[in-house]
Amino acid sequence: MTYIAKPKLHHPSLVRNKAGYTRRDYEGAVSTLCAGCGHDSISAAIIQACYELDIQPHRVAKLSGIGCSSKAPTYFVGASHGFNTVHGRMPSVMTGASLANRDLIYMGVSGDGDSASIGLGQFAHVMRRGVNMTYIVMNNGVYGLTKGQFSATADKGSISKKGVANSDESIDMVSLAILMGATFVGRSFSGDKHQLVPLIKAAMEHQGAAFLDVISPCVAFNNHAGSTKSYDYVREHNEALNRIDFIEGREEITTQYEPGTLTTVQQHDGSWLRLRKLGEEYDPSDKVAAMKRVQEGLAAGEVITGLLYLDPTPKDLHHHLNTVAAPLNTLNTPDLCPGSAALDRINASLR
């Protein structure tokens with residue numbers, strides 16, 4: 001329904017932020033995702049984060065690949081720059097854009113298929129290079145756009161909607177991001193806006209490679225036991241095996257719980273998701289301890305959420321390459337052609 005335009009007129013009583021925008025100014029087109037999809041909740045969290053950060057919409061550059069998650073940028077910050085790339089190649093496009101114009105606020109939106117399968121290599125390199133960006137993976141463990149095949153983050157032994165068992169090991173995006181050099185790594189749940197919005201705000205303010213793995217249950221196809229989105233339960237029988245693919249409208253799944261505690265959230269198919277929020281005593285600056293804590297959570301069948309790792313002295317790609325401070329499109333002829341004397345010095349240094 002993206003052809004249905006939202007009205008541009010706002011009610012005069014809507015509160016404006018310091019930049020002069022209302023929350024509605026950060027919205028995009030009408031979503032075409034399934035009713036109750038966690039991806040829409042993530043989009044809403046991004047909208048809220050941008051509103052609270054007083055960001056000017058035209059300073060945001062949002063990029064995505066292919067998949068249900070990669071449709072999401074259409075639904076937030078409609079007045080921003082946007083680029084929908086090919087499957088798995090979003091990181092390289094974002095790297096080039098960031099090098100060309102460092103004044104924009106870059107946000108990459110991807111999925112577990114787009115980043116953990118075809119784009120795994122690009123994901124790893126954009127993290128180790130330290131591109132100054134917020135990289136969000138909307139992680140549902142299935143290929144929802146192609147009707148529910150296992151993704152690379154699906155848990156080994158889980159059962160698909162058609163009754164097929166997954167025989168492959170799962171990829172933990174958080175552990176990989178920490179290992180590859182991301183300087184801000186967090187995980188959250190799409191239905192926990194009280195945790196997700198602050199994490200997105202912190203990631204957008206971070207000067208370096210910021211990664212957020214957001215568990216986002218697929219209301220249409222992620223109704224199987226043992227996935228990385230729904231630990232510690234066993235499904236006895238898949239009722240969906242002989243159902244017609246009629247996608248029923250669902251209510252959004254939400255939750256709220258205190259730091260350091262464990263909660264369970266029932267999904268639409270009756271299964272349960274166990275979430276543990278990190279306590280205030282956790283030290284996110286210890287890289288080795290962060291990876292250890294994530295693995296301990298996986299072994300215990302828990303989804304560890306919160307700020308998992310933060311480098312207190314991050315450095316981004318511009319620092320590594322010692323690039324010019326100004327965006328490339330603002331450089332004039334004298335900047336780009338410093339003259340024959342400068343060329344002679346360069347040539348002399350190579351002799």
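Buried denotes a relative accessible area under 20%, exposed one over 50%, and partly exposed the range in between (1.4 Å probe, protein chains only). By this criterion T22 is buried, at a relative accessible area of 2%. The model is predicted: local features need pLDDT of at least 70, side-chain atom pairs count only at pLDDT 80 or more, and totals for chains, interfaces and linings use all residues. Residues are numbered from 1 along each chain as its sequence is written, and side-chain values use heavy atoms, with hydrogens and water left out.

The chain contains eleven helices and eleven strands. Helices (H or I, at least four residues) and strands (E, at least two) are DSSP runs, numbered from the N terminus. Of the 351 residues, 48% are buried. The accessible surface comes to about 16,900 Å², and carbon and sulfur atoms account for 55% of that area. Areas were computed by the Shrake-Rupley method with a 1.4 Å probe; for residues, only the protein chains shown count as cover. Contact means heavy atoms within 4.5 Å. Among contacts with a separation of 6 or more, 69% join residues 24 or more positions apart.

T22 sits in the segment before α1 (38–52). Leaving aside residues up to four places away in sequence, T22 touches H10, L14, V15, R16 and Y51.

Helix α8 spans residues 287–299, 13 residues in total. The distance from its first C-alpha to its last is 19 Å, close to the expected 18 Å. The expected span is 1.5 Å times one less than the number of residues. A290, V294 and G297 are the buried residues of α8. Seen down the helix axis, they fall within an arc of 60°, so they line one face of α8. The arc is taken over the directions from the helix axis to the C-beta atoms. An α-helix has 3.6 residues a turn, so residues three or four places apart point the same way. The buried residues of α8 pack against α6 (173–180), β7 (184–189) and β11 (303–310). V288, K292 and A299 are exposed on the other side of α8.

D286 caps the N-terminal end of α8. One of its side-chain oxygens lies 3.3 Å from the backbone nitrogen of V288. After α8 comes G301, with a positive phi near 75°.

P284 occupies the loop between β10 (272–277) and α8. P284 is buried, with a relative accessible area of 19%. Residues up to four places away in sequence aside, P284 touches L307, L308, Y309 and L310. P284 and L308 are 24 residues apart in sequence, yet their C-alpha atoms are 5.4 Å apart.

Key:
Polar contact = N/O pair within 3.5 Å; in protein donor to acceptor, adjacent residues only side chain to side chain.
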